[in-house]
Amino acid sequence: MTSQQLLQPPDREGFDRSSFSSIYWLNYFERNKREKRALNWPQKVDVPYAISLPIVKSLQCFQVGETGEGTHLRYYAKALNDPDYEQCIDLFIKEENAHAVVLARMIELMKGHLITWHWSDYAFVSLRHLIGLKTEIFMILAVEIVGKCFYQSCSEGLPDEFLRNTFAAIVLDEIGHLKFHWNFMHQEMRPLSKWSRTIIYYFCSAVFLAICLVFIADHGRALLALNKSKHSFLKDCLGLFKRGALRALFVK
């Protein structure tokens, strides 16, 4: 299966953007877990050192971020008294942890080493814990969008077919994660007035733009190695954020 085929997930019956169903999403995560295939890892990958060096440095940061236990997120989810949503969050975190394992193996195949800390991960975690569940989910969405766009750039720009297909599979998971969190945010934002939701949209858009610019400044060499221009990457990230945010905040 090619990476291009994997990048477009099949539509699942029963998905309704206008309402949130914990049971629907629990079925989604459980089905995704059952359908996951074990990777047949090669002994080596065909990536020139000039390309692998900046890619590895970027993947190290993502790998650290994917290893979190989600303690605060689990705490906020439990407060909702929705056992199905709690299970969704548990499966979401386990998928992220599984991505961390895959990224770690990729880093090793490209002759890199793992790190245990990065300033960007510390900054995101700190911001996520400021207010509550909505802030937590927003920051997760921001990181997921940037991650999805970067992984997709890897699936399109790396010379090794195995890595391209593996990144494409991660992109498939990230698309599901984005739909899940945006769908939840839509439910949480519906009681607010249109004026309040408009303020939230523009404020979050500004914060997300800042996050993207910081990422691009820090990972520009990796984008260059993938033949992805900074402008194109920024456009992809902002477009994905805008589509999700507008649906979450304004679609009835």
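Colleague: What makes the space of about 80 Å³ a cavity?

Modeller: On a 1 Å grid over the protein atoms alone, a cavity is a set of points where a 1.4 Å probe fits but cannot get out. The largest cavity has a volume of about 80 Å³, a volume being the space filled by probe spheres set on points joined across faces, edges and corners. A search of the whole structure finds one cavity of 30 Å³ or more. This is a predicted model, in which local features need pLDDT of at least 70 and side-chain atom pairs pLDDT 80 or more, whereas totals for chains, interfaces and linings use all residues. Residues are numbered from 1 along each chain, and side-chain values use heavy atoms, without hydrogens and water.

Colleague: Which class of residue makes up the lining?

Modeller: Lining residues have an atom within 4 Å of a point; among them are Trp182, Met185, Tyr201 and Cys204. Ala, Val, Leu, Ile, Met, Phe, Trp, Tyr, Cys and Pro count as nonpolar, Asp, Glu, Lys and Arg as charged, and the others, Gly among them, as polar. The lining therefore has 12 nonpolar, no polar and no charged residues.

Colleague: Which helix supplies the largest share of the lining?

Modeller: H10 does, with four residues; helices are DSSP runs (H or I, at least four residues), numbered from the N terminus.

Colleague: Why are the buried residues of H10 said to line one face?

Modeller: Buried means under 20% relative accessible area, and exposed over 50% (1.4 Å probe, protein chains only). The buried residues of H10 include Phe233, Cys237, Phe241 and Ala248. Seen down the helix axis, the buried residues fall within an arc of 140°, so they line one face of H10; the arc is that of the directions from the axis to the C-beta atoms. On the other side of H10, His231 and Lys235 are exposed.

Terms used:
1 Å grid on protein atoms, 1.4 Å probe; cavity = no way out; pocket = protein on both sides within 12 Å on 5 of 7 lines; lining within 4 Å. Helix = DSSP H or I, 4+ residues; strand = E, 2+ residues; numbered from the N terminus.
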